[in-house]
Every structure is written in C-alpha cells, then in structure tokens.
Amino acid sequence: MIKVTGLDKKFGKLHVLNGIDIDIKKGEVVVVIGPSGSGKSTFLRCLNLLEHPTGGEIVFEGVSITSKHNDINKQRQKMGMVFQQFNLFPHMTVLQNITLAPRKLKKVSEEEANKIALDLLERVGLADKAKSYPGQLSGGQKQRIAIVRALAMSPDVMLFDEPTSALDPEMVGEVLDVMKKLAADGMTMVVVTHEMGFAREVGTRVLFMDGGKIAEEGIPSEIFANPKNPRTKEFLGKVL
Amino acid sequence: MNFSFLSEYYVYFIEGAKNTILLAAFTVLLGVMLGIILALMKISRNPILKVISTSYIEFIRGTPLLVQIYIVFFGLPYIGIHIPDVPFLGQDFPRFMAGVIALSLNSGAYVAEIIRAGIQAIDKGQMEAARSLGMSHYMAMRYIILPQAIRNILPALGNEFVVIIKESSIVSVIGISELMFSADTVKGVTFQPFEPLIVVAVIYFVLTFTISRLLGVAERRMRAGD
C-alpha cells in the first residue's frame, strides 16, 4: 500500500533520514520505535508529505506522491493523521471538527456527515461530547476526538505521531484502547510511539530506527525477545 | 479661563468633530483593506510580493506621518492626479480625500503588521492538521486559520481606530476642517490661544474613551463565546 524507496531528508546540514526503504502492506500495523532524534517522526511526516523529502520516492496506492505533478491533497484524504498535540480546531465544536473535512472535501451532506460522526463518537464512547468545544475536554478525550476526526474521512491508512506522549499517564489507556480496536478492525496503521506494550501486543511489525536509518525490523516477539542489533538491545534495555 | 466663546462658536467644534469621525471611519475602512492585502503579500511564498510589502511597511513606519501627508497632498497633483471636486457632505472634497488617502496609506502598514502577527500567532499544528485532512492551503486558511486569527486581530484593530482619531489631527495642516482645525480657527477669531485647545482635547478624549469602552465590551462578548 505504501512503498518507500531510498527516502532521504536533510534539514540544512542535518541528515535526518538516510535512505529508508520499506513496503507497508494493507492491514499491517507497523510500529516505529527508537531513541529521540532518530528520525521516527520525520519519517512518518514524510509519508503524507507534511515534510518534503529531499530524496527518494514514496508510492501510495500505486501513485508516486513525491512526483512533482502529483496533487497531494487527494491522497491525504485517504491518509488519516493523529498528532502528539491533538491539533483539534479550538473554534469549532467536536461535531464541527469531525464533519468539516467530509463536508467540504467529499461533499457529504450535513446530515450524512453528522450521522457518521455520531456513529464514530459512539464507538470511542464520546457521543455526549458532540456539542462541546475542545477546550472543555481532557487530553485523552481530545486525542480520541482527533482519531475520530481522521476516521471520518474513511482513510485507507492511519498515521499516528506519538499519540500518547502528551497525555497524563491515566489517560494513555483510553487512547490505546481505541487504537487497538482500530487495529482489530483491520485498519492499516503506522504508529510512532514509546508504548512498548502497545508495540508488542498490537504491532504486526516493529521498525527500530536509529540515526536516520531502519536499524532493525521484524515481528514484535522477535525484536523484543531477541534483538540482533546492539543499538536495539541498548535501547530496549533502557525502556523496558 | 473664559469659555464664553462657546455660545457663539460651538458649531465649529461640532462640525470639526463630525469631520474627524468621518475621516477616521474612511481611513479605517481603506486602511484595513490595504492592510489585508499587504499582510497576505508578506506571508505569501512569492518572494517578489514579500519584498514589495516589506519595503512598503518599513518605509511608512520609518518616515513621519506629516511628511507623508505633504507628499500625498502636494505630490498627487504634481504627478498629474487631480481628485475631482465633487460635492461631498459640504466639504472640500479633494482636500478631504488627500487626507483620507495619506492616513490610509499610513494606517495600512500598521494594520498589515497587526494582521500578520495575528495569523502567525496561530499554532503551526492547526495548519498541519487541516492539511493532513486533505484541505488545500486556501481552505485551511479560510476555515481554520483566519477565523482564529480574527479573534486575535480585532482588539488590536479597534485600538488602531483610536490611534487614527488622534493622529488625524495632523491633517489640519493641509486645511481639512476637522477638530484641530476648528480649534485653530476659533483661536484666531477670539484671540484666546488656550481655551479652544482644552475644548478639543476634551472632545478627542470623549471620542477615544467611548470607542475603547465599546471595544472592551465587544471583546468580553467574544471571549464569552469560548
């Protein structure tokens, strides 16, 4: 579904991504782990071109999105993204946050969009918050709304950029639960996270990134039980 | 102090206050339009537009308003632009328009900075979230960034209105019969140099104080919506 070849990203002299190759298939839950500064978030943000790669190619559903002639807005509609800082729109109600993109981009009618939004809110247990403003919600609730907002466009893949890192510890669980449900429903996901429990339990593949490269990848049970790369060993030794 | 001249000359002050308000209202309108254009040019990704806007703003902010007013008043006819003398609310229209144009050209630069700052104060994540949903840059600006920016901008813009009322006093030098001009007129006919100035100072204060109170109320209303 997403095929990345030779992905390269430099910020000035800083070489953040140094030749990433990966092929993500439909239904996979790819969890990206690694020390801070290893390029995990930049890699994820390159996938929907929030960061423009300085080299390499990304092909999404058969279309080269890094090509100059491509209109990325079309593919972004099929790639949901969830941010560390939620980034809900504070001047809109929860319902407006969720329905804005479907109504304006997919020309879904207001009733239809509201119905989809309320169904999704029901699934994350926040149907009673439809009329609230983001400022009235807790961090965990905000992040669940942010996930719903992305889902309302019925994307083919969901990108998560450290979705629980800005949350109070007691709220991490409610967000991970939603993500687990999503994975169980067969959603293709790419997740940058420090939640090793989630990686082990839900991930179908784990990428360990270090110094702008994929240092090691494999199924979670292998990587966690038996890391081959010394850097992976060292990192897991610190976080587990 | 002797304010007995008021009974005879109060009409001058009323006329002056009316013209000051008109001058400020037109200036705000044109200044805001110019400011929006300049601000959009300044935050655009086109380097030429950026340079034009930045140079203009720097030039206006770096030269005295008095000089700018003289340049417009004497400069426009000099380069062949004559404002037609149309009857307009009983005033000397070319003079009045020259004043409005000079003040607007000046105010536009300050308004542009207010608008730019208001837009750039919005967290980067808002644009990213909007774009990640598939919205174009234009849509993200229209639905996400600008509605939030306007809340930052409006109070500062109201303040600019107050500033213009005060600064408009300077266009009396080109003979627009606004408040300051009426003070000078009454000074001349009564040979009282002091009291007419007290009268216009009080009128200016009443005008600006009323407006800033109204703005305070509007601001509180807007906050209550959050």
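This note sets out numbered points on the predicted model shown above.

1. Conventions. The model is predicted, and local features need pLDDT of at least 70, side-chain atom pairs count only at pLDDT 80 or more, and totals for chains, interfaces and linings use all residues. Residues are numbered from 1 along each chain as its sequence is written, chains are lettered from A and ligands numbered from 1 in the order in which they are written, and side-chain values use heavy atoms, with hydrogens and water left out.

2. Antiparallel sheet of chain A. Four strands form an open sheet in the order β2-β1-β4-β5 (chain A), with antiparallel pairing. The edges are taken by β2 (14-24) and β5 (63-64) of chain A; each has a single partner strand, so one side of each is left without a neighbour in the sheet. Strands here are DSSP runs of E with at least two residues, helices are runs of H or I with at least four, and both are numbered from the N terminus; two strands pair if DSSP finds at least two bridges between them.

3. Strand β1 (residues 2-11) of chain A pairs with β2(A) over eight antiparallel bridges, and A:Lys10 lies opposite A:His15 of β2(A). On β4 (residues 55-60) of chain A, β1(A) has five antiparallel bridges, with A:Thr5 opposite A:Glu57. β4(A) and β5(A) are joined by two bridges and run antiparallel; A:Val59 has A:Ser64 as its bridge partner in β5(A).

4. Two residues separate β4(A) and β5(A) in a hairpin, and A:Glu61 in the turn has a positive phi of about 50 degrees. The side chain of A:Glu61 also meets that of A:Lys78 in a salt bridge at 3.7 Å, N to O (a side-chain nitrogen of Lys or Arg within 4 Å of a carboxyl oxygen of Asp or Glu). This pair links distant parts of the chain, 17 residues apart, with A:Lys78 in the loop between α2 (72-76) and β6 (79-82) of chain A. A:Lys78 is partly exposed at 39% relative accessibility, and A:Glu61 is partly exposed at 32% (buried means under 20% relative accessible area, exposed over 50%, partly exposed in between, with a 1.4 Å probe and protein chains only).

5. A covered parallel strand. In strand β3 (residues 29-33) of chain A, five of five residues are buried. On one face these are A:Val29, A:Val31 and A:Ile33, and on the other A:Val30 and A:Val32. β3(A) pairs in the parallel sense with β8 (residues 188-192) of chain A over four bridges, where A:Val31 stands opposite A:Val191. Four bridges also join β3(A) to β9 (residues 205-210) of chain A, again parallel, and there A:Val32 faces A:Leu207.

6. Contact between the chains. Of the 21 salt bridges over all chains, one joins A:Arg45 to B:Glu128, with the closest N and O atoms 2.7 Å apart. The pair crosses from helix α1 (residues 40-47) of chain A to helix α5 (residues 124-132) of chain B. A:Arg45 and B:Glu128 are both buried.

7. Chain B overall. Chain B has eight helices and zero strands. Its C-alpha trace spans about 70 × 50 × 30 Å along the principal axes, and 42% of its 226 residues count as buried.

8. B:Arg116 and B:Glu113 form a salt bridge, with the closest N and O atoms 3.2 Å apart. The two lie three residues apart in helix α4 (residues 93-120) of chain B, so about one helical turn separates them. B:Glu113 is buried at 13% relative accessible area. Salt bridges that share partners join B:Lys42, B:Glu58, B:Arg61, B:Glu113 and B:Arg116 into one network.

9. The structure has eight aromatic pairs over all chains (ring centres of Phe, Tyr and the six-membered ring of Trp within 6.5 Å; planes under 30 degrees apart are stacked, over 60 edge-to-face, the rest tilted). The rings of B:Phe3 and B:Phe5 have centres 6.1 Å apart and planes at 40 degrees, so this pair is tilted. B:Phe5 and B:Phe13 form a tilted pair at 6.4 Å centre to centre, with 50 degrees between the planes. B:Phe3, B:Phe5 and B:Phe13 make up one aromatic cluster. B:Phe5 and B:Phe13 are buried, whereas B:Phe3 is partly exposed at 32%.
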